[in-house]
Amino acid sequence: MNYLTVENISKSYGELTLFENISFSIHKDQKIAFVAKNGTGKTSILNILSGEDQADSGNVIYRKDITVSFLSQDPKFDSSLTVEDTIFASDNPILSIISNYEKALLEPNDTETYQKAFEAMEQHQAWDFETQYKQILFKLKLDKLDQKVSTLSGGQKKRLALANALINKPDLLILDEPTNHLDLEMIEWLEAFFAKEQITLFMVTHDRYFLERVCNEIIELDEGQLYNYKGNYSYYLEKREARIEREAVETGKAKQLFKKELEWMRRQPKARTTKSKSRIDDFKDIKHRAHQRRKDHQVQLELNMERLGSKIIEFHNVSKAFKNKTILNKFDYTFKKGERIGIIGKNGTGKTTFLNILTQVAKPDWGKVVKGDTVKFGYYTQNGISIKPEQKVIDVIREFGDYIPLKKGRQISAQQLLERFLFSRKKQYDFVEKLSGGERKRLYLCTVLIQNPNFLILDEPTNDLDIVTLNVLEEFLLDFPGCIIVVSHDRYFMDKVVDHLFVFKGEGIIEDFPGNYTDYRIYEDSQPIVSTTSENKKDKTAWKQNEASKLSYNEEKELKNIESKLNSLAYDKKELESKFNNPDLTQEEINTLSDELQQLIKTIEAKEERWFELSAKLEE
């Protein structure tokens, strides 16, 4: 079943042509990744599909009566709403029913409204949906449902937009870099979610493991042409390499033919016959094919790194906390030459704070950090490059000098350096604000590396970089002789670059693991889980299945709904109780929360009482 057809769309900005006459289609159950270099129009195509932008020519045709959700890089929300209000503000009718039921619970004396809301929940089987949407919010660390959107960070807003898209259960989900701002645990959960849910996907992502495990088709925009690959990322790499080799052979043949035809053309043939005229016309096409060149320039980074001394960085009994949150607790570590450390952990466990203490941007509460005299940091932060009005790309580099020293006493100009970072001479004189997000990140990475650091710190370097640039960066880092610390949610990148991990567990606990991310996951999965909870659940489920026949059909249904609702209410109770931990609460706010909690407990008790009544029937 066809969901979407794109017919011959084109897009240009002034003299810059991003793409011309692009056509493709999306069908039910496809999970498609769209792959292209930075600056070639990936985000522009997504904006055209979402209606945020218009193609210069061509058409985008959606199938009637399908639901579509979009996840953009910069989602827009009503800042006056809370997280939960934002979820309920969608067009999903089930969410409206749940919202009415939640409101009815707050007015227990209005039995008529409650009954109507309850019946609507029954009729539309909304109980499981309610549990599921709260689980999605919980997995994406958005469990403070009453938090105002205006107080959310950029990453939290991106996760809220992702939650909104998932909860609506659209027929077609279009995503722009869905794994950005997710920690590793969230990404793995999202992979599993897409594996079990029947959602048709079209997405742009640089996460190569995500591509491998989620997508069943890849569309590549390369040199202005679209190529389709019916398989995952490994299949794409294999077939793409074969295509490039085949094109190289065809270009070689075209060059041979071009030489032959060129000799004939130099004899100044006259188009006296139809055959001669046709041959002259074909010459232009042969010339074009013979002069085709792939623009796969290699970024050569033979930078002149300053020598590292014997003392690099030492942490002595370092501790750091914010209010009641411990980041480091008596942390000791001595960095050695050539170390390649990956840092992983959930959002909020203190990874960026650790880097700021390491680079002495922030100070520890206790202990000391000793830096060697020869250490020169190169710190790539998540903030990116600061754009100055009317500043050109070449000017950004020239702030660090007109020439950059290389090994063996050689040097290159700022212009040559930019060319090696895939910025053409023409592109170098573009204004920085005209660059795509990925191109800005590439330029920022260039400004960090050209300062010849010997201790390189990369905080989420893979966000917004295309796969070509990522491969180049990985090759550079493998040859980099200094120390490297990488914070990244890109598992493929981590596996290729780092030798061991600092695993931030929270509460100041940092585990030093000897291996890469895949090694760590294998280790974690092999650890036994000491718990009887699963067995108890199995026994309870089996008991229910054996005994449920003693209840009527309606009573079975009611029992199931009560159990589902009790799970949801327990989640609400836990969330409400956590609010009392806020030391800034006024007495009035405490009284209000107490009343809400008391009412919630009464609702839970009423549900539990009815559950016991139905359970008692099973024992008769």
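Predicted model: local features only at pLDDT ≥ 70, side-chain atom pairs only at ≥ 80, totals over all residues.
Q: Among contacts in the protein chain with a separation of 6 or more, what share comes from residues 24 or more positions apart?
A: Here we look at contacts whose residues have a separation of 6 or more in the protein chain. Within that set, residues 24 or more positions apart account for 67%.

Q: Which strands stand at the edges of the open sheet of three strands?
A: The strand order in this open sheet is β2-β1-β4, and the pairing is antiparallel. The twist from one strand to the next averages 15 degrees. An edge strand has a single partner, so one of its sides is left without a neighbour in the sheet. That describes β2 (16–27) and β4 (57–62).

Q: At about what angle does helix α1 run to β2?
A: Helix α1 is made of residues 42–50. The helix lies across β1, β2 and β4. Its angle to β2 is about 55 degrees.

Q: Is α5 roughly parallel or roughly antiparallel to α7?
A: The axes of helix α5 (residues 126–139) and helix α7 (residues 184–196) come within 10 Å and cross at roughly 150 degrees. Angles over 145 degrees count as roughly antiparallel. Therefore α5 is, relative to α7, roughly antiparallel.

Q: Which residues of α5 and α7 make the contact?
A: By class, the contact of α5 with α7 has four nonpolar, one polar and one charged residues. From α5 come Gln-132, Ile-136 and Lys-139. The partners from α7 are Met-186, Trp-189 and Phe-193.

Q: Does Cys-215 count as buried or exposed?
A: Cys-215 has 5% relative accessibility. Buried means under 20%, so the class for this residue is buried. Cys-483, at 1% relative accessibility, also counts as buried.

Q: How many disulfides does the structure hold?
A: A disulfide needs a pair of cysteine sulfur atoms within 2.5 Å. The number of disulfides held by the structure is zero.

How values were computed
Residues numbered from 1 in each chain as written. Heavy atoms only, no water. Axes fitted to C-alpha atoms, helices over the stretch in contact; angles between N-to-C directions. Helix = DSSP H or I, 4+ residues; strand = E, 2+ residues; numbered from the N terminus. Parallel < 35°, antiparallel > 145°, perpendicular 65-115°, else oblique. Contact = heavy atoms within 4.5 Å. Nonpolar A, V, L, I, M, F, W, Y, C, P; charged D, E, K, R; others polar. Buried < 20%, exposed > 50% of the residue type's maximum accessible area, 1.4 Å probe, protein only. Pairing = 2+ DSSP bridges.
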